[in-house]
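Below is a short report on selected local features of one protein model. Please look at the sequence and the model first.

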Amino acid sequence: MIVSDFVLRDWGAWAPGLSSSDDWQAWSAGQKSMSAELPGAPASVPKMLQRRLNLLAKAVFHAADHCIKAGEQVPTVFSSTHGEIGKSFQMLKTIEAGEELSPTAFSLSVHNAISGLFSIVYDNQQESTVLAPGMEGIAAAFIEAAGMLSEGRDEVLLVLYDEPLPDFFPIAPFKLNIDMPCALALKIAAAGPGLAMRFCRSPEVRDDGEQPVQLLAFAKFLASDQKSLTLGNHGHSWSWHKR
């Protein structure tokens, strides 16, 4: 059985109306709801780069700001099931209309675009892995991060994010969509100060949907007194335990 012990140094999350740890604790207790609030770019992003950020990228930077400072060097794992699918859809409509495609729009729509902007904004020159986890959900990012820690990295930053699918996308009967963009950042380490946690395979057969759905379940787990959480699809289930 795969078992990985790690320490959660810090975490941050963003969804409309929810940004601070108090917001997420109130939401997890049913005392606060998401809103229609749209984020501006955080102050950590230089103004010349702010115009390159769409809503999902802004959500990522708001969440990551809780876990990293400019110039800090830490390897990263980015994970998104659909990436900036809204931007990709708009480019497809542009092509369909016979209009010229913007090279800048294309470069900012690829799956590692947010990771690239992240490395520029924080001047982080460490390795970065970008995943599209599919049915493996958020566990794929933890598996990748656990591998980095086992190879001797002191810390790893995980950034998980997704946005709603366009209306035309065939969703049912699959659990792969959320109503609002959401981002979650976690800085983990092999040892040291922080919340001790364990990540391991689970024998449970579950149907918890893909990463966009699992993101909010994991944020609730972190913000509440809940001691353990199991997520998965079919025979691929994983558990997280606060130790």
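The model is predicted.

**The loop residue E84**

E84 lies in the loop that links strand 2 (76–79) to helix 4 (85–96). Is E84 buried or exposed? Its relative accessible area is 7%, and because the cut-off for buried is under 20%, E84 counts as buried. The side chain of E84 makes a polar contact of 2.3 Å with the side chain of N54. Leaving aside residues up to four places away in sequence, E84 touches N54, L56, L108, A113, I114 and E163.

**Helix 1 against helix 8**

Two packed helices are described by the angle between their axes and the distance between the axes. For helix 1 (residues 21–28) and helix 8 (residues 211–223), the angle is about 105° and the axes are 9 Å apart. Helix 1 is therefore roughly perpendicular to helix 8. On the helix 1 side, the residues in contact are W24, Q25, W27 and S28, and they meet L216, A219, K220 and A223 of helix 8. By class, the contact between helix 1 and helix 8 has five nonpolar residues, two polar residues and one charged residue.

**Strand 8 and its neighbours**

Strand 8 covers residues 228–234. Five of its seven residues are buried, so strand 8 is largely enclosed by the rest of the structure. Which strands pair with strand 8? The table lists the pairings.

| Partner of strand 8 | Sense | Bridges |
|---|---|---|
| Strand 7 (residues 206–207) | antiparallel | two bridges |
| Strand 9 (residues 236–242) | antiparallel | six bridges |

**Two residues with positive phi**

Most residues other than glycine have a negative phi. D123 is not a glycine, yet its phi is positive, at about 50°. D123 sits in the loop between helix 6 (113–121) and strand 3 (128–131). With a relative accessible area of 42%, D123 is partly exposed. H234, also a residue other than glycine, has a positive phi near 55°. H234 belongs to strand 8, whereas D123 is in a loop.

Key
Residues numbered from 1 in each chain as written. Predicted model: local features only at pLDDT ≥ 70, side-chain atom pairs only at ≥ 80, totals over all residues. Heavy atoms only, no water. Helix = DSSP H or I, 4+ residues; strand = E, 2+ residues; numbered from the N terminus. Buried < 20%, exposed > 50% of the residue type's maximum accessible area, 1.4 Å probe, protein only. Polar contact = N/O pair within 3.5 Å; in protein donor to acceptor, adjacent residues only side chain to side chain. Contact = heavy atoms within 4.5 Å. Axes fitted to C-alpha atoms, helices over the stretch in contact; angles between N-to-C directions. Parallel < 35°, antiparallel > 145°, perpendicular 65-115°, else oblique. Nonpolar A, V, L, I, M, F, W, Y, C, P; charged D, E, K, R; others polar. Pairing = 2+ DSSP bridges.
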